[in-house]
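Reader: Could you go through this structure with me, slowly and one place at a time? I am new to reading these.
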Amino acid sequence: MPYLDHAGASLPSDEQMAEVAKLYSDSRLANPHSHHQSAVRTKQIVDCARLRVLRNFNTESSAYYVVFTANTSHSLKIVAENFSFRSTGGKDKEIQDHLVTDASQFAYFQDSHHSIVGLREIVREKVDSIACLPDDYPNENEIPSTSKSLFVMTAASNFCGRKYPLDWIERFQKKGWSVCIDAASWVSTSPLDLNRYKPNFVAFSFYKIFGYPTGLGALLIRKDGESRFEEGTFNYYAIAALQKGFDDIEKCGGMKKIQDHAYHIAKYAYRMLESKSHYNGEKVVEFYLRNNKFGPKHEQGPLISFNLKTSAGRYHGYKTVEKISAIFGIELRTGCFCNIGACRKYLNLAPEIVRYNQMKGKKCGDDMDLINGKPTGALRVSFGRRSTLECVKALETMIDLCFVESTIAKYSAPALPIESYRPTLVKIVSFPVKSVMGIEYERCELTPRGLMFDREFMIVQNDYTLSLKSHPQLCRLNTNISSEYLEIRVRGEDEKFRIPMDILEMNGNDNIVCETAVKTIDYGDDVGEWLDDSLDLSGCRLMRRAEVTERNLVNDSPFLMVNESSMLLLQQATGLEIEELIKRFRSNFVIRGLPPLVEDSMKSVKSLCTRCEMICINPENGAKEKELLLALRELRESSKMTFGIYLAQRNHQPGDFVEVGSDVTVSTTS
């Protein structure tokens, strides 16, 4: 699975997690506040973990305390709540964009995570002044001398990837300031040398460094301050796992090598994105980087924020891109990344625009990605120690196929093996009556023949099985079914016919289904006459599969599956919506999270589904439209016009079911 969100969370390695599992199974840990053997050993493990943390940052216990916290936000909150400001108080303080002299102040960059911005409410009554500083503010002459003031500095931006010069720490300290650095983004892929740079406080989360454990952070406090901020019994199992995380970092060659690797991948991704142009020369990508370029690794972290644009210069909404990325099995981040200050700056969102967007209902995490054609957030790809060039190539394939406007986008083989992806089942459809509209299920029981009620019935005329291809008026009908009855309706009308499911097996006949004789049961004259009237035909009969028949009324296989990203290629060529394509291909299962067409090579595939002109039938009105068939021919070039795969069922057990959201395990035939 192409994972492009290492700034959100690093991924633990399989070896690391195996070592953690072994540690937990082999060790008995206990409350370190007790005094028995297990407790004493646990305390030793925790003490060793503190030293390992300090060693990772090239410092030692004589210089810094290590306070274990829940996460970066918790660490920052501890600093704000306990820092000794000297203000006389007062709530109403306007946020300024500069520092003032002779005042107890709280300051932070505009480019700051919400965790920092939220500290304003904690310190508001404790300070004389609050300042939100422009990102290039700290000219030495602009920093006033003070005492009892706190500057919370973003070490590396989680929005644009900018690395702020750590020598600014000393600039502020020389003027009497205490400096706390939010190191969450920095420490994920860059070494932090606390023997060279000596902030008063350092806040970070461990999952940003090596993925596991989550729910554990740290606050490093220089030893001219208070140390006792741990409340109650800390998470000693998570702390014990830190050793395995640091071991994994060392197996990768250390943080310096990880920095080089992640930067190399990110620079490759930047060059790839920067190279993309539409047929008319317009650029596909708009970047949100300092000075609009990807800087050297001492200035730029391994992440890129951007939006995609059309050949006419209009923006694609980031939520649209996110959904298409998910279809291709690509995981990336969208929105403002909990950094509204940087988002406003790089997207040129003036205060009045922000207020207007809020008035229109814009909220954090919603789907309002464009307002009046302008983006409210961005896309972010970020890289870490487990990133590969193949992940970037998978992103390139998706952008080329879906967002670069050219003559014809040709499909290329996926960069990653199919086993690297983790697709999910996103749609289940059963078709009670053959060639009639299906019914979607969140969860569906399996029978030895396939999905419950799938292709149980068919409509025949003079012993000829009707299909949507030959009788497009079948699109007028839809169905509802339960263990008690089948209900057939005329769409858009009140006309319906309800048939009990317990009719005795009688009047058995053989009918032909795809050149195969199948034993069926005639459901009588009443429903036959109703079908005649509804379809403007004569001689219609509703037939049900006989109980003795070993399969449902299917052409080739009990299950047909399609891949959503493969349909996306056809959507690009035809303009048809994905939902309409799903209806036209009449599949039982739709999966999401694989590159296009790789399903053709999956194991356990009974055969590929060769398509005919039935996909030309508009499921809404029965009109025949050739565009989809022509697009499929173009996509497949000289090969047979296959789309979708037939699956077989193995080892059925009573009570088996399938459910939307389930993981799909895939592998290739090679």
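Reader: Let me begin with Tyr464: is it buried, exposed or partly exposed?
Author: Before anything else, please keep in mind that this is a predicted model. In it Tyr464 is partly exposed, because its relative accessible area is 47%, and the cut-off for calling a residue exposed is over 50%.

Reader: Which element does Tyr464 lie in, and what is it in contact with beyond its neighbours within four places in sequence?
Author: Tyr464 lies in strand β20, which covers residues 464-465. Once the neighbours within four places in sequence are left aside, Tyr464 is in contact with Ile459, Ser470 and His471.

Reader: Where is Ser667 found, and why does it count as partly exposed?
Author: Ser667 is found in the segment after β31, the strand of residues 657-659. It counts as partly exposed because its relative accessibility is 23%, while buried would mean under 20%.

Reader: Now a change of topic: what about Asn563, buried or exposed?
Author: Asn563 is buried, because its relative accessible area is 0%. Its place is in strand β27, residues 559-563.

Reader: What does the side chain of Asn563 reach, and which residues does Asn563 touch?
Author: The side chain of Asn563 reaches the backbone nitrogen of Ser565 at 3.2 Å. Not counting residues up to four places away in sequence, Asn563 also touches Ile591, Leu594, Pro595, Pro596, Leu597 and Glu599.

Reader: I would like to look at some strands next. How many residues of β22 are buried?
Author: Five of the six residues in β22, which runs over residues 485-490, are buried, and the strand is therefore described as mostly covered, with buried meaning under 20% relative accessible area. Strand β22 pairs with β21 (residues 477-481) in the antiparallel sense over five bridges, and five bridges also join β22 to β23 (residues 496-500), again antiparallel.

Reader: Which strands form the open sheet, and in what order?
Author: There are four strands, in the order β9-β10-β14-β11, and the pairing is antiparallel. The edge strands are β9 (285-287) and β11 (333-335), each of which pairs on one side only. Neighbouring strands of this sheet are turned by 35° against each other on average, with direction ignored.

Reader: How many bridges join β11 to β14?
Author: Three bridges join β11 to β14 (residues 378-382), and the two strands run antiparallel. As one example from this pair, the bridge partner of Gly335 in β14 is Ala378.

Reader: Which helices lie across these strands?
Author: Helix α9 (residues 255-274) lies across β9 and β10 (303-308), running at about 15° to β10. Helix α10 (residues 318-327) lies across β10, β11 and β14, and runs at about 160° to β11.

Reader: Let me stay with α9: what do its buried residues pack against?
Author: They pack against α7 (207-210), α8 (236-251), β9, β10 and α13 (389-402). Among the buried residues of α9 are Met255, Ile258, Gln259, Ala262 and Tyr263. The helix has 20 residues and reaches 28 Å from its first C-alpha to its last, close to the 28 Å expected.

Reader: Finally, how many helices and strands does the chain have?
Author: The secondary structure comes to 17 helices and 31 strands. The C-alpha trace spans about 95 × 65 × 50 Å along its principal axes, and buried residues make up 54% of the 670 residues in the chain.

Methods. Residues are numbered from 1 along each chain as its sequence is written. This is a predicted model: local features need pLDDT of at least 70, side-chain atom pairs count only at pLDDT 80 or more; totals for chains, interfaces and linings use all residues. Side-chain values use heavy atoms; hydrogens and water are left out. Two strands pair if DSSP finds at least two bridges between them. Axes are lines fitted to C-alpha atoms, for helices over the stretch in contact, and angles run from 0 to 180 degrees between N-to-C directions. Contact means heavy atoms within 4.5 Å. Buried means under 20% relative accessible area, exposed over 50%, partly exposed in between (1.4 Å probe, protein chains only). A polar contact is a pair of N or O atoms within 3.5 Å; within protein, one must be able to donate a hydrogen and the other to accept it, and residues adjacent in sequence count only if both atoms are side-chain atoms. The expected span of a helix is 1.5 Å times one less than its number of residues.
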